[in-house]
Amino acid sequence: MVNDGGSIASGGIERFSIRDMTEGTIPFTIEGGAPQSAFWMTPNGDIGLGTMLPQADLHISRFEENPRIIMERTGLGADTWYLEDFGSAFAIHNGATIVNNAPFRINNTNTASYLMVIDNDYIGFGTPGPDAPSSHRSQ
């Protein structure tokens, strides 16, 4: 389906959509005015958002704004979590958290192996080879 029935002036939406005629749903839509390379899928299935040259299964690229992934749970117990690149740091935080106080934040000035968890559940800070188990283990 291309554009809604009627003209844009009468309230239609300028878009390209795929409609499931059996279920009566529209699972895929690209709005008119979307930027170049807004969505790109390569022959091997890599998906680019903002890039036509995805270098991984999912590659998100933003030029001026911070790339961000939002995970939102709606309904009872609604909550929103963000994975966000701030240029100087990568953070995971919920919508109510100020990024500087994010529960998980990595500054781009951190040294290699700042936090390392290896296959025997040993945890190291500042070492790539921790030689003791973590001080707290849940049983």
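Tutor: Let us begin with a pairing: the bridge partner of Ala89 in S9 is Asn107. This is a predicted model, in which local features need pLDDT of at least 70 and side-chain atom pairs count only at pLDDT 80 or more, while totals for chains, interfaces and linings use all residues. Residues are numbered from 1 along each chain as its sequence is written, and side-chain values use heavy atoms, with hydrogens and water left out.

Student: How do you know that S8 and S9 pair?

Tutor: Two strands (DSSP runs of E, at least two residues, numbered from the N terminus) pair if DSSP finds at least two bridges between them; S8 and S9 have four, in the antiparallel sense, so they count as paired.

Student: What makes S7 and S8 a pair?

Tutor: Five bridges join strand S7 (residues 79-85) to strand S8 (residues 89-94), and the two run antiparallel; Tyr82, for instance, stands opposite His93 in S8.

Student: Why is Phe125 called exposed?

Tutor: Buried means under 20% relative accessible area, exposed over 50%, and partly exposed in between, with a 1.4 Å probe and protein chains only; because Phe125 has 62% relative accessibility, it counts as exposed.

Student: Why is Ile70 called partly exposed?

Tutor: Ile70, in strand S6 (residues 68-73), has 47% relative accessibility, and therefore counts as partly exposed.

Student: Which residues does Ile70 touch, not counting residues up to four places away in sequence?

Tutor: With contact meaning heavy atoms within 4.5 Å, Ile70 touches Thr80, Trp81 and Tyr82.
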